[in-house]
Amino acid sequence: ALHEVQKLFPGYVVTWLQLGKAHIGAGNYREAVDALMEAGRINPFDPDVHRELARAYEKLGQKSEAERARKLEALVN
């Protein structure tokens, strides 16, 4: 369902954020990062985007990227 909304409203940040969360839940961490990076391009001031990016990067074992996402979350929160 999110992919359909994404096609209709590609600039709606919530869709990308929810898609990222869904990918994390499914264990598709690389896809989660892709969706969350798009969410961040749309709205870089949403702390949820950075929080979820940190989760995805942690699952991928990318500690420095996760830490950077956490720092950005703190800045915008």
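Biologist: Why does Thr15 count as buried?

Modeller: This is a predicted model, and in it Thr15 has a relative accessibility of 3%. Buried means under 20%, so Thr15 counts as buried.

Biologist: Where does Thr15 lie, and what does Thr15 touch?

Modeller: Thr15 lies in helix α2. Leaving aside residues up to four places away in sequence, Thr15 touches Leu2, Val5 and Gln6.

Biologist: Why are α2 and α3 called roughly antiparallel?

Modeller: Their axes cross at roughly 160°. An angle over 145 degrees counts as roughly antiparallel, and α2 and α3 are therefore given that description. The two axes come within 8 Å.

Biologist: Is the crossing of α2 past α3 left-handed or right-handed?

Modeller: α2 passes α3 in a left-handed crossing. From α2, the contact is made by Val13, Trp16, Leu17, Leu19, Gly20, His23 and Ile24. From α3, the residues are Tyr29, Glu31, Ala32, Ala35, Leu36, Glu38, Ala39 and Ile42.

Biologist: How do the residues of the contact of α2 with α3 divide?

Modeller: Eleven are nonpolar, two are polar and two are charged. Gly counts as polar here, and Gly20 is one of the α2 residues in this contact.

Biologist: How do you know that α3 and α4 are roughly antiparallel?

Modeller: The angle is the test again. The axes of α3 and α4 cross at roughly 155°, and the cut-off is over 145 degrees, so α3 and α4 are roughly antiparallel to each other. These axes come within 9 Å, and the crossing is left-handed.

Biologist: Which residues make the contact of α3 with α4?

Modeller: α3 supplies Tyr29, Ala32, Val33, Leu36, Met37, Ala39 and Gly40. α4 supplies Val49, Glu52, Leu53, Ala56, Tyr57 and Lys59. The residues of this contact divide into ten nonpolar, one polar and two charged.

Biologist: What makes a set of residues a nonpolar core?

Modeller: The residues must be buried, be of the listed nonpolar kinds, and be joined through side-chain atoms within 4.5 Å. The largest such core here has 17 residues. Those with the most contacts inside this core are Leu36, Val49 and Leu53.

Biologist: Which helices each supply at least two residues of this core?

Modeller: They are α2 (13-26), α3 (29-42), α4 (47-59) and α5 (63-76). In soluble globular proteins, nonpolar side chains tend to be buried together.

Biologist: What does Leu36 touch, not counting residues up to four places away in sequence?

Modeller: Leu36 touches Trp16, Leu17, Gly20, Ile24, Val49, Glu52 and Leu53. Leu36 is also one of the α3 residues in the contact with α2 and in the contact with α4.

Methods:
Residues are numbered from 1 along each chain as its sequence is written. This is a predicted model: local features need pLDDT of at least 70, side-chain atom pairs count only at pLDDT 80 or more; totals for chains, interfaces and linings use all residues. Side-chain values use heavy atoms; hydrogens and water are left out. Buried means under 20% relative accessible area, exposed over 50%, partly exposed in between (1.4 Å probe, protein chains only). Helices (H or I, at least four residues) and strands (E, at least two) are DSSP runs, numbered from the N terminus. Contact means heavy atoms within 4.5 Å. Axes are lines fitted to C-alpha atoms, for helices over the stretch in contact, and angles run from 0 to 180 degrees between N-to-C directions. Angles under 35 degrees count as roughly parallel, over 145 as roughly antiparallel, 65 to 115 as roughly perpendicular and the rest as oblique. A crossing is left-handed if the near helix is turned anticlockwise from the far one by less than a right angle, and right-handed if clockwise.
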